[in-house]
Amino acid sequence: MSGSEVVIVGGGVTGLSAGWWLARSGIKVTVLDKFIVGWEASGRNGGGASHYASPLFDEEQRLWPQMDELLGYPTEHQKGRILIAMTERQWEQYRFVAERHKRLNHPVEVLDVKQVQEAVPLAGDNCFGGVHYKFGGHANPQRSVQAYAWALQDLGGKIMQHSPVTGFETAGGKVTGVKTANATYGCDAVVVAAGPQIPQLMAQLGVNVPLAAARAEMIITEPAPMMPLGGVDGHKIYGRQTMRGNLAYGGGPHEWLDMDADGPVARPSTPLARNLAKRLAEMLPKAAHLNVIRNWAGIIENSPDGRPIIDRLTSPDNVVVASMSSVGFGLSPASGHAIRDLVIDGTCSFADIDILKLSRFDNLEADWREKRGWMPIS
């Protein structure tokens with residue numbers, strides 16, 4: 001048996017960030033991943049970092065501008081985002097949200113159509129206006145995953161890829177070992193941040209974590225002329241312009257999936273790529289001539305209320321469960337900090353995150369997925 005003070009199950013941005021934060025505190029960390037780091041939604045998303053509805057928001061905003069320096073590797077973080085309203089109803093909603101941000105002292109600017117076109121040259125005159133968030137921003141998911149991984153390894157942390165977890169060893173109300181097909185890793189504490197596999201893993205410890213898995217799809221175009229600000233959302237899609245000029249965009253509706261311990265049974269292509277391309281061409285009509293050069297998907301997990309679950313359990317009392325419910329990438333600097341605090345100190349040092357406790361679902365109805373319509377199509 002090999003040993004670590006903390007074993008982290010899941011090598012996405014949440015697990016890697018938690019490992020990096022723990023290693024910064026001198027903790028011996030091993031991260032186990034079923035395939036390679038960032039292979040699911042962590043490396044396949046729009047790269048947004050503007051989650052103002054989260055209790056982790058202030059820490060997210062404080063940390064992202066520092067992450068390249070702190071990690072020692074590039075994340076390609078850029079500040080600011082623009083939301084483009086494509087309908088009158090969206091325009092009303094965006095202006096309402098902008099006023100809320102102003103009351104919270106978040107720097108925002110409401111833009112008319114001409115101002116939108118100046119800020120987003122690929123936009124047309126078919127929009128109603130926009131809102132410029134001068135906070136938040138976006139980063140490169142693939143670069144960021146690798147930056148977390150390298151930074152963790154620089155601090156002595158171990159990452160074991162192609163090592164799916166098969167079970168746990170327990171004694172005295174604690175997890176004492178994490179089992180894979182080839183080894184058992186002894187530990188003092190465990191973080192389960194395995195995305196859509198969390199329910200199956202936690203069930204082995206007698207803990208019910210209600211999550212529904214979905215396929216989140218992205219498209220990427222050939223390069224376009226660089227815009228002054230690369231983070232542009234709207235028309236029910238989200239994404240960014242890459243440093244090469246490509247437009248990388250995703251958005252609903254998600255395809256709901258059933259999961260087993262090894263992940264989704266299949267990863268078929270869907271008609272969503274056409275839908276995404278159509279909406280992107282409508283939002284940025286001066287980019288409508290660009291070809292879609294590839295599309296890909298990752299599997300995300302969603303809690304019943306859409307909020308993350310970050311909680312240190314009482315039984316087993318050395319386990320932290322962390323499910324980010326589709327917003328893991330942007331919140332990763334802050335969620336890793338929170339998980340580090342829960343593992344070492346038992347409480348978060350920078351924010352009240354009681355709203356994210358698993359116990360809020362204690363009285364959840366058994367058929368919650370059916371009632372929400374979050375079921376796979378036969």
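In which loop is the place of P316? P316 sits in the loop between β18 (309–312) and β19 (319–323), where helices (H or I, at least four residues) and strands (E, at least two) are DSSP runs, numbered from the N terminus. Before going further, please keep in mind that this is a predicted model, in which local features need pLDDT of at least 70 and side-chain atom pairs count only at pLDDT 80 or more, while totals for chains, interfaces and linings use all residues. Residues are numbered from 1 along each chain as its sequence is written, and side-chain values use heavy atoms, with hydrogens and water left out.

Let us stay with the backbone for a moment. The peptide bond that joins S315 and P316 is cis, with omega at about -10°. Most residues other than glycine have a negative phi, and most peptide bonds are trans. E76, in the loop between α3 (67–71) and β3 (78–85), has a positive phi near 65° although it is a residue other than glycine. H162, in the loop between β6 (158–160) and β7 (165–171), likewise has a positive phi, near 55°. Are these two residues buried or exposed? Buried means under 20% relative accessible area, exposed over 50%, and partly exposed in between (1.4 Å probe, protein chains only). E76 has a relative accessible area of 18% and is therefore buried, whereas H162, with 48%, is partly exposed.

Strands β12 (residues 238–241) and β13 (residues 247–250) run antiparallel and are joined by four bridges; two strands pair if DSSP finds at least two bridges between them. One of the partners to find is A248 in β13, bridged to R240. Five residues lie between the two strands of this hairpin, and G245 in the turn has a positive phi of about 105°.

Now follow the chain into an open sheet of four strands, whose order is β4-β5-β3-β11 and whose pairing is mixed. At its edges stand β4 (108–111) and β11 (232–234); each has a single partner strand, so one side of each is left without a neighbour in the sheet. From one strand to the next, the twist averages 25°, with axes being lines fitted to C-alpha atoms, for helices over the stretch in contact, and angles running from 0 to 180 degrees between N-to-C directions. Helix α4 (residues 88–103) lies across β3, β4, β5 and β11, and runs at about 155° to β4.

Next comes a pair of helices. The axes of α1 (residues 13–24) and α9 (residues 328–345) come within 7 Å and cross at roughly 45°. The two helices are therefore oblique to each other, given that angles under 35 degrees count as roughly parallel, over 145 as roughly antiparallel, 65 to 115 as roughly perpendicular and the rest as oblique. On the α1 side, the contact (heavy atoms within 4.5 Å) involves V13, T14, S17, A18, W21 and L22. The α9 side contributes residues including G328, F329, S332, S335 and I339.

V13 is buried, with a relative accessible area of 1%. Not counting residues up to four places away in sequence, V13 touches S42, V145, Y148, G328, F329 and S332. T14, also in α1, is buried with a relative accessible area of 9%. Neighbours within four places in sequence aside, the contacts of T14 are A193, A322, M324, G328, S335 and I339.

Leaving aside neighbours within four places in sequence, Q197 is in contact with K34, M259, D260, A261, D262 and G263.

Finally, how many disulfides does the structure hold? The structure holds zero, a disulfide being a pair of cysteine sulfur atoms within 2.5 Å. Among the cysteines, C127 is buried at 6% relative accessible area, and C348 counts as buried at 11%.
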